[in-house]
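Okay, thanks everyone for coming.

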Amino acid sequence: MEFIRNFPFFSIMLSMFGGIVSPVLPERAAKWVNRAIITVVGALSLALLLYLLETGESYVYMMGHFPAPWGNEIRAGVLEAGMALFFCIIMLLSMLGGAHKLLTEVAAEKQNLYYILVNLLLSSLLALVYTNDIFTAYVFVEINTITACGLIMIRETGRTIEAAVRYMIMSLLGSGLLLLGLCVLYDLTGHLLMSNMREQVAYLAANDLYAMPLLVTIGLISSGLAIKSALFPFHAWLPDAYGYSTASSAAMLSSLVSKGYIFLLVKLIYRVYGFEVFHDSHIVNVLFVFGLMGMIFGSLSAIRENDIRRMVAFSSVAQIGYIFMGIGMGTQVAMVAGVFHILSHAATKSLLFISAAGLTDVSGGSRRFEDLTGAGYRDPWAGAAFTAGALSMVGVPLFSGFISKLLFAQAAVQNSGKMLPALIVLGISTILNAVYFMKTVIRLYTRVGAAEKSGRQFAGRKLYVAALIGFMILNVVLGVNSQPIVDMIGQGLGMFA
Amino acid sequence: MSKLKSREEYEKTGSFRFWRWLDGRRDPYVGQVEMKPQTPVETPELTIRERLRDSQAVRDKVYDIENNKSLNFFHRVYVLAAIVYCVGLAVILLAMVAYLPPTGEADRPVNNEVSARYIESGLQETGAVNIVTGMILDYRAFDTFGESNVLFAATTTVLILLHRKKKNQDGRVEELENDRLLEPKRDAILQGSATVLVPIIILFGIYVILNGHLSPGGGFSGGAVIGAGLILYLSAFGFERAEKLFTEKLYKTVSFAALTTYCLAKSYSFFTGANHLESHIPLGTPGAILSSGLIFVLNICVGMVVACTMYTFYVMFRKGDF
Amino acid sequence: MGNLFANYGEAVAMILFVIGFANLLLHKNLIKKIIGLNIMDSAIYLFLAQKGYIAGRGVPIVTDGVQSVEAYINPIPSGLVLTGIVVSVSVSALMLSLTIRLYRRYHTLDLDEISTLLKKEGV
């Protein structure tokens, strides 16, 4: 076996080890260890991605001395490696961009703990991406939940702790449903490894055995993961959690944590149920309807909001609606669009959160729109970055959001039954997006005083500006160079089957 | 008189004390227990009133039916939807149970080649007599590693929430004064039974951990038992003495050492397994204490982590400082 | 009705699950929510334990060198329960410490009241 095949295992263990080491290190060292680990894991994922593109096929990696179905496995394909690489990039940029806020918003003696949580979050995301075993997936879902809760409440204000409680309650409901679904599924198939379950599920479906419990498990697992990733009616915790936590936490929560669950759902759909079985159940229609509702109601709440961070958070509700609409459409093309939207939303939303932090900094710490007037002049870099993010969210060509809307529209046209509602809601949601994002951008560039000069200089904020530039480049790359990425997603989803 | 003890000698024997105690002539508590009733934290009456008024105001606002009509409506819709959802869930789940394979029968999908191999060759392949331990620490060890990290992550979050910085000297004295509110101080019965029980409990915990691969139990259960012993010690003898035994530094060292060992040992085993290399770890004679290779080491590591975690949870909930 | 009566253990587990779920969802009091969470998790472990049970077989610890499938119950669900219990302990500890923090600050366990107090603070 080639040595490069060990890389997924190395990435998971390395990030976990980083979490274990961090409490005994001094703060500065913990910070650099964290950055180094994210970079190294990103490099490993990149190498793996190139290798997999070259060989063109996925492989499974035994975790231990025992082969399937007895041992535990992880599995790597193009999509997994690409996701891992992408998650690392987003995480690194979020950490760099939020570093200065972290110093002021988190108590000095608790900074170490923040890096533990980030390392563990990375390891759990990697494990969710790579795992081939449903119970391992459940354990790492819980690590993901706990660390995300820690990231929310580490800025110890009343708001964040209340938000963390609400987040935990919703998450635990979701975990309960997910675990029950997985247990019933284990009862029906007798396996815990996805590949073996797949064979068994195909056998059951072909012989029409246990059809009703199988349908219920699909429902339990998809509703559990949908609740955890804040699909529309279950989003009550989201605005406070994203709106009041420290900047890098908000960026990571919105772009990584919820996406990890959605990726797991996609993986379960392909690797456990098989696309056909999942599609034949009517759960897809439920997801589709809730996705559509999320797209509209999320945007409506965002329009009414008078707080820039909460507005961006509500926009996340709408964007998660887009992804579930893609999954719910039930065609391969729509699935590719949904996965691409995971990438594009992650790149854009973290950019918006990080730049919003900079904009509030120059407005006396206030996040109200009236105080933010003209903030684009006071902090040109953050203003430009927010504008880029807003344009991407609205779906202006050259940015990533345009491509994902285009893909969704194409997918909708090919699906005769769901074309009309999907296209109509897509149109309405785009208009609503434009209303609240353009309103914000116009406000940012409205001059209030006559002699307003850019008070914040480049010097002293090199990391912040570098992170913003990195995010903007990422967005434009996704927008301009989309075809290879879309092909890669298609190839990766093909490898799932 | 020669065989009988003198009065002074007799008074020193246990039976004399026992009878005297039975007659009620002497109360063993006198002078042994701090009889002073524990005074609760004194809050000025004004503050209490203010707080009561505040909470009443809040309650009025929250449950104000007249002025919160729209909010109230949404709340009702939410509750109604939730109830409908729960009832629907119950019906669906019960209907599903009716279609599940029957309990207790051997001929079910779960009893397939996977469990058969665990039972039939688990002893030879893992060296563990306890098949469940062999399964969770060898066949499916990645789950268990994740699980220790769940505990680690939870401890980290609890530390974030409840850990307070050590106060300056004056504050420290005040805290020690308040300590008696948190647990009985110098309670003869508690201290006496703790003296007997704590070593037994901790020894039993160690036994459970060391025999994890031979009998029911293992790192998690044994660690929880040891944690309970430590908590009993803290409750009986107070914080000052427990602090000499268990400090934040010790917690950090132990959990770091245990988790690192776990991580490295498992990495080695995963790496050799995946690359089809010989692991060179002797499995020993099944049934002996020193057997079953890494499982023995891992059980000890898990036990240490769990014991520290349980104790830390207690200390944090108690007052937020080691 | 199928196997509903044969599977009465699972049926009980499902009813408990929904009770816990409803508690976690509907109660305003945080402590009761946490109790609901624990009921829900325990119900799942009860369900799993039922899955491993085979009538007339012993615990999966090799005794007297007997290593035949006919002698022991299925060990896998037991292992899953062990893992699950640790997860639920961790989550309960986290929830309880969040509750302690909120109570210290707002002197109430009612989430709605806490939200109102937060709005009053107007952070």
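So, start with Tyr59(A): its bridge partner in strand 2 of chain A is Ala76(A). That pair belongs to an antiparallel arrangement, where strand 1 of chain A, residues 59-63, and strand 2 of chain A are joined over five bridges. Keep in mind throughout that this is a predicted model.

Is strand 2 of chain A, residues 72-76, enclosed or open? Five of its five residues are buried, so the strand is largely enclosed by the rest of the structure. And both faces are covered: on one side you have Asn72(A), Ile74(A) and Ala76(A), and on the other Glu73(A) and Arg75(A), all buried.

Let's zoom out to chain A as a whole. Its secondary structure comes to 21 helices and two strands. The radius of gyration of chain A is 22 Å, close to the 23 Å that the globule rule gives for 497 residues, so chain A is as compact as a globular protein of that length. If you want dimensions, the C-alpha trace of chain A spans about 75 × 55 × 45 Å along its principal axes. Of the 497 residues in chain A, 65% are buried. Now take the contacts in chain A between residues at least 6 apart in sequence: 80% of those join residues at least 24 apart.

One helix I'd like you to look at is helix 18 of chain A, residues 400-414. With 15 residues, helix 18 reaches 22 Å from its first C-alpha to its last, close to the expected 21 Å. Its buried residues include Phe402(A), Ile403(A), Leu407(A) and Phe408(A), and Lys405(A) is also one of them. What do the buried residues of helix 18 of chain A pack against? The partners are helices of chain A, among them helix 13 (308-329), helix 14 (332-361) and helix 19 (419-444).

Tyr210(A) has a positive phi of about 45°, and it is not a glycine. You'll find Tyr210(A) in the loop between helix 7 and helix 8 of chain A, and it is buried, with 22 other C-beta atoms within 10 Å. Ala230(A) is another residue other than glycine with a positive phi, near 65°. Ala230(A) is in the loop between helix 8 and helix 9 of chain A, and it is buried too, with 31 other C-beta atoms within 10 Å.

On to how the chains meet. Chain A puts 21 residues into its contact with chain C, and chain C puts in 29. On the chain A side, helix 5 (134-153) and helix 6 (158-189) each supply at least two residues, and the largest share, 15 residues, comes from helix 6 of chain A. By type, that side divides into 14 nonpolar, three polar and four charged residues.

Chain C also touches chain B, with 51 residues from chain C and 53 from chain B. Here helix 3 of chain C gives the largest share of the chain C side, 16 residues. That side splits into 31 nonpolar, 15 polar and five charged.

Last thing, confidence. The model scores ipTM 0.95 and pTM 0.90. Chain C averages a pLDDT of 88, with 98% of its residues scoring at least 70.

Key
Residues numbered from 1 in each chain as written. Chains lettered and ligands numbered in written order. Predicted model: local features only at pLDDT ≥ 70, side-chain atom pairs only at ≥ 80, totals over all residues. Contact = placed C-beta atoms within 7 Å. Helix = DSSP H or I, 4+ residues; strand = E, 2+ residues; numbered from the N terminus. Nonpolar A, V, L, I, M, F, W, Y, C, P; charged D, E, K, R; others polar. Buried ≥ 20, exposed ≤ 12 C-beta atoms within 10 Å, placed from the backbone. Pairing = 2+ DSSP bridges. Expected span 1.5 Å × (residues − 1). pLDDT = per-residue confidence, 0-100. Rg over C-alpha atoms; globule rule 2.2 N^0.38 Å.
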